[in-house]
Amino acid sequence: MEAATAGTGGVPRVFALIRALVAVQAEGGRVTQLARAIGLTQGTTHRLLQSLVAEGMVEQDERSKLYRLSMDFFALAARAGNPGDLRSLCRPALLRLCGSLGDSIFLLARSGFDAICLDRSEGPFPIRSFTGDIGGRVALGVGQGALAILAFLPEAEREEVIRFNLSRVREYGVYDEVYLRTEIERVRQQGYAGRNTGLLEGMAGVAVPICDREGRAVAALSVGTIADRLNADRMPTVVELLKREAAAIGPRINPFDATLRRPAQSLAGSPPAQRVVPGADRASASDPLG
C-alpha cells in the first residue's frame with residue numbers, strides 16, 4: 001500500500017519526491033530508488049517525475065536516465081527565498097546589541113580570501129578597526145571578526161585560505177603559521193574570537209561566526225570597545241548575547257542571497273571605507289576590532 005492515500009491528494013507525494021531528489025541531487029536518482037525512498041510504486045513515482053519534468057522542475061539525464069532537480073527549480077527557490085539580504089536581515093540584531101551593550105557592533109561577511117564590513121552600529125566610545133567604515137576589507141584571519149569566519153570554514157576551505165593569506169597576515173608583524181593555527185584552534189574550541197588587549201593601546205573586542213544551515217561560516221558579529229569594558233567578568237555576557245543573535249540569524253539566511261557571493265556589490269552608495277593600514281598606524285593582528 002502506498003504511503004500517501006487518495007484522501008491526502010497529490011501534493012504530499014510531490015513534496016516527498018522533491019525531498020527524495022534533494023537527498024540524491026549530487027549523483028541523481030533512479031525511479032526505483034526514489035520509489036523506495038517515498039513509499040510509492042514505480043509507476044506512480046514515474047508519473048510524478050514526468051509531471052515535474054513537464055513543469056521544468058526536474059530534469060533527466062539522457063544517457064544515465066537519472067533524475068535531478070533542475071536549475072529552474074533552484075532559480076524559483078532563490079526568488080522565493082528570504083526577501084531581505086544579509087545586511088537587512090542582521091540590521092535589527094546590530095541595533096539590539098549596540099543598545100544593550102553600549103558598544104560598537106560590526107557585521108562582517110566573507111568575500112573570497114577577505115572579510116568585508118557590511119554594516120556597523122556605532123557605540124559611544126571612540127574605536128578603530130582593521131576594516132574601518134562600511135565597505136572596508138581585511139584578510140581572513142586578521143582581527144577577531146575575520147578570524148571567527150576563518151576558524152569555522154570547512155577544513156579544506158580553511159586550509160586554502162591559510163595558505164593564500166599567510167604572507168598577507170605576516171605584514172602585521174605578529175603572525176607566523178604556528179601562531180595563526182593556534183589562534184584558529186583556540187577560537188574553534190571557545191566558539192568565539194576574543195581579545196581584551198592588543199597593540200592598539202586600550203582596545204578590545206570579541207566576535208562570533210554566523211553560520212548558515214549547512215554549518216558554514218558566512219559572516220561574523222563583532223563587538224569593538226575599550227579594554228576596560230571587556231574584562232573577564234563581562235566577556236561571558238557579551239559572548240552569550242552575540243551567540244544568541246548569530247544563532248537566530250543563521251537559519252534565516254537565504255542560501256541564494258547575492259550578498260553572500262558579492263558582498264562588495266551590495267554596498268553601492270555606502271560611505272567610503274577607512275582602513276587601518278599596516279605600517280602606517282600599526283595594529284596588532286590579534287587586535288579584536290572589525
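Trainee: Which residue is the bridge partner of alanine 193 in β7?
Mentor: Alanine 207. Strands here are DSSP runs of E, at least two residues long, and helices are runs of H or I, at least four, both numbered from the N terminus.

Trainee: How many bridges does β6 make with β7, and in which sense do they pair?
Mentor: Three bridges, in the antiparallel sense, with β7 spanning residues 203–211. Two strands count as paired if DSSP finds at least two bridges between them.

Trainee: Before I go on, what am I looking at?
Mentor: A predicted model: local features need pLDDT of at least 70, side-chain atom pairs need 80 or more, and totals for chains, interfaces and linings use all residues. Numbering starts from 1 along each chain as its sequence is written, and side-chain values use heavy atoms, leaving out hydrogens and water.

Trainee: Back to the sheet. What's the strand order?
Mentor: β5-β4-β3-β8-β7-β6. That is six strands in an open sheet, with antiparallel pairing.

Trainee: Which strands stand at the edges, and why is one side of each without a neighbour?
Mentor: β5 (137–139) and β6 (193–195). Each has a single partner strand, so one side is left without a neighbour in the sheet.

Trainee: What does the twist average from one strand to the next?
Mentor: 25°. Angles run from 0 to 180 degrees between N-to-C directions, and axes are lines fitted to C-alpha atoms, for helices over the stretch in contact.

Trainee: Which strands does α5 lie across?
Mentor: β3, β4, β7 and β8 (217–226), and α5 runs at about 60° to β4. α7 packs on the sheet too, touching β3, β4 and β5. The direction of α7 makes about 100° with that of β5. Contact means heavy atoms within 4.5 Å.

Trainee: Let's switch to charges. How many salt bridges does a search of the whole structure find?
Mentor: 15. A salt bridge is a side-chain nitrogen of Lys or Arg within 4 Å of a carboxyl oxygen of Asp or Glu.

Trainee: What does aspartate 119 form a salt bridge with?
Mentor: Arginine 87, with the closest N and O atoms 4.0 Å apart. This pair links distant parts of the chain. Aspartate 119 is in strand β4 (residues 114–121), arginine 87 is in helix α5 (residues 86–101), and they are 32 residues apart.

Trainee: Is aspartate 119 buried or exposed?
Mentor: Buried, because its relative accessible area is 4%. The cut-offs are under 20% for buried, over 50% for exposed and partly exposed in between, with a 1.4 Å probe and protein chains only. Arginine 87 counts as partly exposed, at 23%.

Trainee: And where does arginine 110 come in?
Mentor: Arginine 110 meets glutamate 157 in a salt bridge, 2.6 Å from N to O. That pair also links distant parts of the chain, 47 residues apart, from strand β3 (residues 104–111) to helix α7 (residues 155–169). Glutamate 157 is partly exposed, at 24% relative accessibility.

Trainee: What about glutamate 177?
Mentor: Glutamate 177 forms a salt bridge with arginine 181, the closest N and O atoms being 3.0 Å apart. Both lie in helix α8 (residues 177–190), four residues apart, about one turn of the helix. Glutamate 177 has a relative accessible area of 34%, so it is partly exposed. Arginine 181 is partly exposed as well, at 31%.

Trainee: Which residues do salt bridges with shared partners join into one network?
Mentor: Arg87, Arg91 and Asp119.

Trainee: New topic: helix packing. At what angle do α6 and α8 cross?
Mentor: Roughly 80°, and the axes come within 9 Å. So α6 (residues 144–151) is roughly perpendicular to α8. Roughly perpendicular covers 65 to 115 degrees; under 35 is roughly parallel, over 145 roughly antiparallel, and the rest oblique.

Trainee: Last one. How many helices and strands are in the chain?
Mentor: Ten helices and eight strands. The chain has 290 residues, and 47% of them count as buried. Valine 206 is one example, buried because its relative accessibility is 0%.
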